[in-house]
Amino acid sequence: MESQSYAANCGLFWVANSVVSTIMGTTNRSLHEEAAQRNLDFQRELEDARNIAQDEVEAEKIAFKRRVMKLSRQYRQAESAEMFDQQLKTIELQSFIEKYWPLAPALPNIILNEIEQSKYSNRNLPLNVILLHAPLLPPKVAPMAIKAHSKDFETYKELERKLEISLKTLCDVKLRKDSCINTDFVGGNANMMNIHFLMGGLPTLVISPKYNNEGKMIFNAAVWEAQAIRPLIRPLFSISYEPLIAERDDEYFKQAIEKIETALTVIVGATRDSYMLLTQGKAPMLNSLLDEKKKEIIENDKALKSFVKQEYENIVNALDTKYSPKLLEAYSKEDVESMKSQAHNMSLTF
């Protein structure tokens with residue numbers, strides 16, 4: 001959104017974390033020793049860089065910067081996993097899961113295993129995506145409890161199924177489909193912070209929709225990198241939505257769900273692009289997730305269109321070396337300019 005704080009955008013968050021990873025990785029480990037152990041991979045990167053650069057010396061500088069950043073992230077990933085292990089030993093894990101864990105009970109064991117494996121993996125981790133389930137239709141109020149509307153569960157199941165299909169074009173996003181089995185009646189940051197407590201060792205996006213009493217469905221999100229100390233939690237945008245109308249008007253409900261599906265696709269795609277471009281140099285892919293219907297919905301919704309455009313403009317702003325000179329400790333000038341160009345071109349498409 002245009003009123004969004006510059007300090008709260010994903011681009012700046014990923015850039016800051018990459019700089020910290022590089023600096024801390026250099027401080028805590030011997031990068032030259034590691035590079036020597038993996039000399040074959042490094043030589044391949046040098047060769048790739050030589051193929052795209054005119055000057056061999058500059059090509060080697062670019063390749064070395066990329067290698068340093070990659071190794072630093074791997075070191076910090078292993079270190080954060082070790083710290084997480086130590087943290088778990090100080091709490092009663094089962095008690096935490098029973099009292100505070102908002103997702104499926106089987107998920108913690110899967111997550112803990114993935115974090116353990118990440119200590120020994122040389123591969124980049126995918127971006128995990130979790131969708132919290134806010135009420136879509138008016139809940140049923142009973143004397144002792146509040147129950148979600150019977151259509152909510154199946155609607156979310158279908159939303160996640162469609163989202164999973166569209167994300168198959170990406171190999172670096174993992175949608176944790178069916179991980180949310182309870183309705184998030186309260187909203188707020190508590191559930192996102194509790195998810196971060198166990199999933200802090202994996203790069204993650206948590207999307208939290210919430211209806212307010214002013215006819216708006218507000219989308220909030222939390223994102224964190226595997227090496228980040230704390231998540232970035234921020235409001236994204238809102239769309240018009242009236243649950244009471246949706247309950248009695250099937251056509252209204254159908255169109256609203258189409259817009260919600262588009263909003264979720266945009267949030268995941270834009271966050272993935274920001275994360276992968278700034279940490280791994282991968283090209284933006286949001287356009288590949290959008291069919292003509294979704295593009296039409298974005299074009300006709302001012303808040304949604306503004307959000308997408310602003311996300312890519314935030315990347316350009318975050319890569320301004322005049323205001324953030326430490327960027328060049330993590331990125332080469334050539335990589336900074338390439339990322340800025342790709343993000344700028346994406347902003348022009350919306």
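# Notebook: sheet, helices and one buried arginine

I counted the elements and found 15 helices and seven strands in the chain. The model is predicted, and I kept that in mind throughout. I then looked up burial for the chain as a whole: of its 350 residues, 51% are buried. I also checked how far apart in sequence the contacting residues are. Among contacts between residues at least 6 apart in sequence, 74% join residues at least 24 apart.

**Entry: the sheet**

I traced the sheet next. It is open and has five strands, in the order β4-β1-β5-β6-β7, with mixed pairing. Its edge strands are β4 (173-175) and β7 (232-240), each of which pairs on one side only. From one strand to the next, the twist averages 20 degrees. As a reminder to myself, strands of a sheet pair through backbone hydrogen bonds, either parallel or antiparallel.

I went through the pairs in the order of the sheet. β1 and β4 run parallel and are joined by three bridges. I noted one partner pair here: V129 is bridged to L175 in β4. On to β5: strand β1 (residues 127-131) and strand β5 (residues 204-211) also run parallel, with four bridges between them. In this pair, N128 has T204 of β5 as its bridge partner, and L131 stands opposite I207 in β5.

β5 and β6 are antiparallel, with eight bridges. L205 has V223 in β6 as its bridge partner. These two strands form a hairpin with four residues between them. I looked at the turn and found that G215 has a positive phi of about 75 degrees. β6 and β7 run antiparallel as well, joined by eight bridges. Here I218 stands opposite S238 in β7.

**Entry: strand β1**

Is β1 enclosed or open to the outside? I checked each residue. Five of the five residues of β1 are buried, so the strand is largely enclosed by the rest of the structure. I also sorted the side chains by direction. L127, V129 and L131 point one way, N128 and I130 point the other way, and all are buried.

**Entry: helix α8 on the sheet**

Which strands does helix α8 lie across? I found that α8 (residues 190-199) lies across β1, β5, β6 (216-224) and β7. Against β6, the helix runs at about 25 degrees. I then asked how many of the ten residues of α8 are buried. The count is seven, and the helix is mostly covered. The buried residues are N191, M192, N194, I195, H196, L198 and M199.

**Entry: helix α10 and its two partners**

Two packed helices are described by the angle between their axes and the distance between the axes.

With α12 first: α10 (residues 250-280) and α12 (residues 292-300) pack at about 90 degrees, and their axes are 10 Å apart. Angles of 65 to 115 degrees count as roughly perpendicular, and α10 and α12 are therefore roughly perpendicular to each other. From α10 the contact takes E258, K259, E261, T262, T265 and V266, and from α12 it takes K293, K294, I297 and I298. I sorted this contact by class and got three nonpolar, two polar and five charged residues.

With α13 next: α10 and α13 (residues 302-318) pack at about 5 degrees, with their axes 10 Å apart. Angles under 35 degrees count as roughly parallel, and α10 and α13 are therefore roughly parallel to each other. I listed the residues that meet. In α10 they are T262, A263, V266, I267, G269, A270, D273, S274, L277 and L278, and in α13 they are L304, F307, V308, E311, Y312 and I315. By class, this contact has eleven nonpolar, three polar and two charged residues.

**Entry: R234**

Last, I looked at R234, which sits in strand β7. Is R234 buried or exposed? Its relative accessibility is 6%. Buried means under 20%, so R234 counts as buried. I then looked for a side-chain partner. The side chains of R234 and E311 are joined by a polar contact of 2.9 Å.

Note on methods. Residues numbered from 1 in each chain as written. Predicted model: local features only at pLDDT ≥ 70, side-chain atom pairs only at ≥ 80, totals over all residues. Heavy atoms only, no water. Pairing = 2+ DSSP bridges. Axes fitted to C-alpha atoms, helices over the stretch in contact; angles between N-to-C directions. Contact = heavy atoms within 4.5 Å. Parallel < 35°, antiparallel > 145°, perpendicular 65-115°, else oblique. Nonpolar A, V, L, I, M, F, W, Y, C, P; charged D, E, K, R; others polar. Buried < 20%, exposed > 50% of the residue type's maximum accessible area, 1.4 Å probe, protein only. Polar contact = N/O pair within 3.5 Å; in protein donor to acceptor, adjacent residues only side chain to side chain.
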